[in-house]
Amino acid sequence: RKTVKNQYKGSYLESIACVRRLAMSNIAFPTTLSLLFLARAVNEVLLSSCASIMYRYFWSSGAKSGLFMGVMTCCILPINLSFSSEKNFTERSIIKNALVVARFGLIFMVNYEALFYTMKNAIFRSANQDHSMSYDGFLGAVQYILSFAIVFLSMVSLESVTLSLMSKVSPIPLRKYSLDSSFAVIFVSSLGRIAGDVLVWGSDLSSWVFFNNIVNTLCCCLILCLLVGSYVVKKHYFFLI
């Protein structure tokens, strides 16, 4: 079985350093890895928090939230098939647009009613009414479902196109090592899911400190992450070919 040490004929540290040099030889490869991490982390946040949010604000059962997430995941295959046959758009343009659409989706997801009363209580230093369990009145459920679908499908598109682009920009000499692009995809995807779960856990604990609302805390964190992703894409846009 191939190992990094057997391939490089040196120490493990020297082998890992060689793999790192090969991975950084084309800036598009680490850029796609960071985008894959972002897509997996954002979708993990959405899926992990969906059931608790729908029960907390809309009194929706676990079966209904599970059915909703199942419908969303059924859209993954059609999206991948559509991108495999699409010839009018480049990968980098789809990546750029997916990040923008996801950002608007998160802005739409914000619980503006709870945010308004949080700011009001902070300005006037009053806490007469608790609106932490309200979600934009009777339109809250529709607002959350639509914004969830926008962000989730945008991240699915981002992940699909990123994997396609990664197969093109992956350094060819890297394929002779065990730490190749396939290993990188599995490792980065796992890290993204872990980061998403940690973010949900931390937001649930600290939401009362910032916005007194887990939805707004998650939206704020994810918007900042997408802004960083957009900056990375903008900086290396002409290398993503």
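**Salt bridges, burial and packing**

Author: In this predicted model, Glu159 forms a salt bridge with Arg40, and the closest N and O atoms are 2.4 Å apart. Glu159 belongs to helix H8 and Arg40 to helix H3, so the pair ties together parts that are 119 residues apart in sequence.

Reader: Why is the contact of Glu159 with Arg40 called a salt bridge?

Author: The term requires a side-chain nitrogen of Lys or Arg within 4 Å of a carboxyl oxygen of Asp or Glu.

Reader: How many salt bridges does the structure hold?

Author: The structure holds two salt bridges. Lys168 and Glu91 also meet through their side chains, at 2.5 Å from N to O. Lys168 lies in helix H8 and Glu91 in helix H6, so this pair ties together parts that are 77 residues apart in sequence.

Reader: Are Lys168 and Glu91 buried or exposed, and how do you know?

Author: A residue is buried under 20% relative accessible area and exposed over 50%. Lys168 has 53%, and is therefore exposed. Glu91 has 19%, and is therefore buried.

Reader: Which other residues of H6 are buried?

Author: Besides Glu91, the buried residues of H6 include Ile94, Ile95, Ala98, Leu99, Ala102 and Leu106. The buried residues of H6 pack against helices H3, H5, H8 and H10. An α-helix has 3.6 residues a turn, so residues three or four places apart point the same way.

Reader: How do you know that the length of H6 is close to the expected one?

Author: The expected span is 1.5 Å times one less than the number of residues. H6 has 19 residues and reaches 27 Å from its first C-alpha to its last, close to the 27 Å expected.

Reader: What makes a set of residues a nonpolar core, and which members touch the most others?

Author: The largest nonpolar core has 51 residues, of which Leu99, Phe148 and Met155 touch the most other members. Helix H3 gives the largest share of this core, 14 residues. Leu99 touches several residues beyond four places away in sequence, among them Leu35, Leu38, Met155 and Leu226.

Reader: Why is Ile79 called buried?

Author: Ile79 has a relative accessible area of 14%; the limit for burial is under 20%, and therefore the term applies. Ile79 is placed in helix H5. Leaving aside neighbours within four places in sequence, Ile79 is in contact with Leu153, Val156 and Ser157.

Reader: What does the chain as a whole contain, and what percentage of its residues is buried?

Author: The chain has ten helices and zero strands. Buried residues make up 43% of its 241 residues. Among contacts with a separation of 6 or more, 81% join residues 24 or more positions apart.

Definitions and conventions: Residues numbered from 1 in each chain as written. Predicted model: local features only at pLDDT ≥ 70, side-chain atom pairs only at ≥ 80, totals over all residues. Heavy atoms only, no water. Helix = DSSP H or I, 4+ residues; strand = E, 2+ residues; numbered from the N terminus. Buried < 20%, exposed > 50% of the residue type's maximum accessible area, 1.4 Å probe, protein only. Contact = heavy atoms within 4.5 Å. Core = buried A, V, L, I, M, F, W, Y, C linked by side-chain atoms within 4.5 Å.
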